[in-house]
Amino acid sequence: MELSNQLNLGGSVSKPPKLTTSPAGIKHLRFVFDHQSEQQEAGLPRRSFVRILVVLSGSEAPQWANELTVGTQLQVTGFLNRIEDKNGVGKLVLHARQLVKI
């Protein structure tokens with residue numbers, strides 16, 4: 001049985017995108033993404049705020065690097081993965097499979 005790992009999140013780019021190339025020659029576009037909404041929980045309204053690093057890898061990365069600026073509204077679909085920063089602190093990253101401007 002394969003476990004599901006898919007996230008669809010709407011929001012906006014909150015920090016400028018950075019395009020890099022791995023030693024294997026793969027392009028990676030990284031940007032910080034913010035989501036704000038009001039959700040229902042236990043019958044009550046709850047404000048939701050998410051800030052997450054998004055990584056888009058592959059041939060589409062350079063095209064999106066030219067299109068994304070701070071404030072660009074997007075729908076991001078992808079999967080979550082955990083990474084550790086240089087200090088060993090773990091955080092979640094959204095690996096984008098699809099970006100759609102909204």
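Begin by selecting T72 and T69: a polar atom of the T72 side chain lies 2.9 Å from the backbone oxygen of T69. Please bear in mind throughout that this is a predicted model.

Stop 1: T72 sits in the loop between α1 (61-67) and β5 (73-84). Is T72 buried or exposed? T72 counts as buried, because its relative accessibility is 11% and the limit for a buried residue is under 20%. Next, display the residues around T72. Not counting residues up to four places away in sequence, T72 touches G11, S12, V13, E67 and K101.

**Stop 2: K101 and E67.** Two of the residues that T72 touches, E67 and K101, deserve a selection of their own. K101 and E67 form a salt bridge, in which the closest N and O atoms are 3.6 Å apart. Since K101 belongs to strand β6 (residues 90-101) and E67 to helix α1, the pair ties together parts that are 34 residues apart in sequence. Both partners may also be viewed with the surface shown. K101 counts as partly exposed, at 44% relative accessibility, and E67 is partly exposed as well, with a relative accessible area of 31%.

**Stop 3: R51 and D34.** How many salt bridges does the structure hold? There are four. Another of them may be seen by selecting R51 and D34, whose closest N and O atoms are 2.7 Å apart. R51 lies in strand β4 and D34 in strand β3 (residues 27-41), so this pair ties together parts that are 17 residues apart in sequence. D34 counts as buried, at 10% relative accessibility.

**Stop 4: F49.** F49 is found in strand β4 (residues 44-57). Which residues does F49 contact, leaving aside its neighbours within four places in sequence? They are D34, H35 and Q36. F49 itself is partly exposed, with a relative accessible area of 48%. Now select E38 and draw a distance between the two C-alpha atoms. F49 and E38 are 8.8 Å apart in space, C-alpha to C-alpha, and eleven residues apart in sequence.

**Stop 5: R82 and E84.** Finally, select R82 and E84. Their side chains meet in a salt bridge, at 3.2 Å from N to O. Are these two residues buried or exposed? R82 is exposed, and E84 is exposed too.

Conventions:
Residues numbered from 1 in each chain as written. Predicted model: local features only at pLDDT ≥ 70, side-chain atom pairs only at ≥ 80, totals over all residues. Heavy atoms only, no water. Helix = DSSP H or I, 4+ residues; strand = E, 2+ residues; numbered from the N terminus. Buried < 20%, exposed > 50% of the residue type's maximum accessible area, 1.4 Å probe, protein only. Contact = heavy atoms within 4.5 Å. Polar contact = N/O pair within 3.5 Å; in protein donor to acceptor, adjacent residues only side chain to side chain.
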